[in-house]
Structures are given as structure tokens and as C-alpha cells.
Amino acid sequence: MKKRSAEEGRDEKEIPDTKRGEKKMVEEHVRKAVEKREHEIELPRLTLEDKWEVARGNIIYFVVSGITYAKSKDGSPEEFGTHAGNVAAPFWRTGAGGVKTRSKEEVGPLAYFVAGMSEAYQQFKDFQMEILSQDATAVKVKMKNFGEDVIKGLFTESGVTTDEYFRFFDKKWEAIANSLGLEYKQDTKGDWTYFTVTKK
């Protein structure tokens, strides 16, 4: 059997105080380093792609929250949509409908409203809008990809359906259009949502 050396056999109590002090200092340093790594807050730096995702998630969360709250009070997606539209209406009436959209005085209320809608929905990266027909009194448009895929994928537990999501926007835009002297009608068929805006 191998004999333990005198150094190996020494009792812990025999280790000089300076050695024990150094050991405790190292252990304390390691402990603090681990704690700092675990608790230190690192602020994220988002890429443009990340910002698209955050913007999309925030607006859909807002809509879903409003719909679920309205339903919890025996209300409906339509009621919340009308309320949201009425809150936004003063901004649209004063020409603050969008960042890039020209004023309604420049282009008229129809073009102003449709262009403003397009701008508002462009926070959804894959959003598509196409003007089907237009004249001096009416515009027919189709659009898709303004968050319905996220409703299906991430918000099923909320109890909000894509139909309720569409109905919210129907009444939201109807209220805004009404404030501009326009009539808004919406219908969803397959992947596309169709709407018509008409001067009253």
C-alpha cells in the first residue's frame, strides 16, 4: 500500500492561515463572478428583422387583449373595433393618418384613407394590398397577411379566432372611414380580405 506523504496527511487545521485565506478569497471571487454572470442584465440589440417581429407581435397582442377584454364584459370584437376606430378618428381627421401618406386635402379622402390603411398595415412584413378598381366615388381593394397567421399559431389559447380578428378590423376601419365622410364595407373570402370604400 502506498504511504501518504507527510504533506498529504496533514490535517486541514494544520494548513497555514495564509493558505486558507487565499483559498477563501479565490472561492469568493468565483462565486461573485458566477452571480454577476447569472444576474447581469444584457440589453438586446435588435436587427431590422427582429424589429419587424416585435412590431407585429405588439399590435396583435393589443388587438387580442382588447377582444378578450370586451368578451369578458359581454361585449364583442365589433364593439372594441368601433371604440378603437373612434379613438383614432381625430388623428385621421387632422391629417395624421400616416407618416408617408399625403393629406386628404391633396389627394382627397378616398386615396388618403386607403393609402393610410396600407401604411398602417406595413408593420406586417408580408402584408399585401392590391387596388382592384377605383373611380371618383369608390375604391375596391383586397389585402392579406396582416396578422391572421399569428392568431392561428400563437394565440389559440386566448380564445380569439381569426374571424373575430377580422371583425375587429372591419369595425375599426368603418369608424375611421365614417369620420372622413366615407363608407367602409369588408368581406373575407379564403386568404384575402376584400373591402370597398365609398364616398357618402
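Ser118 counts as buried, because its relative accessibility is 16% and buried means under 20% relative accessible area, exposed over 50% and partly exposed in between, with a 1.4 Å probe and protein chains only. The model is predicted, so that local features need pLDDT of at least 70 and side-chain atom pairs count only at pLDDT 80 or more, while totals for chains, interfaces and linings use all residues. Residues are numbered from 1 along each chain as its sequence is written, and side-chain values use heavy atoms, with hydrogens and water left out.

Ser118 belongs to helix α6, residues 109-121; helices (H or I, at least four residues) and strands (E, at least two) are DSSP runs numbered from the N terminus. Its side chain makes a polar contact with the side chain of Gln122 at 3.1 Å. Such a contact is a pair of N or O atoms within 3.5 Å; within protein, one must be able to donate a hydrogen and the other to accept it, and residues adjacent in sequence count only if both atoms are side-chain atoms. Leaving aside residues up to four places away in sequence, Ser118 touches Phe127 and Met129, where contact means heavy atoms within 4.5 Å.

The next topic is charge pairing. Side chains of opposite charge can pair when their charged atoms come close. The whole structure holds 10 salt bridges, each defined as a side-chain nitrogen of Lys or Arg within 4 Å of a carboxyl oxygen of Asp or Glu.

One of these salt bridges links Lys125 with Glu49, their closest N and O atoms being 2.3 Å apart. Lys125 lies in the loop between α6 and β1 (128-134) and Glu49 in helix α3 (residues 48-72), so the pair ties together parts that are 76 residues apart in sequence. Lys125 is partly exposed, with a relative accessible area of 38%, and Glu49 is partly exposed at 41%.

A salt bridge also joins the side chains of Lys71 and Glu164, at 3.1 Å from N to O. Because Lys71 lies in helix α3 and Glu164 in helix α8 (residues 162-179), this pair ties together parts that are 93 residues apart in sequence. Lys71 is partly exposed at 31% relative accessibility, whereas Glu164 is buried at 11%.

Glu130 lies in strand β1 and Lys142 in strand β2 (residues 138-144), so parts 12 residues apart in sequence are tied together. Glu130 is partly exposed at 38% relative accessibility, and Lys142 is buried at 16%. Finally, salt bridges that share partners join Glu53, Arg56 and Asp149 into one network.
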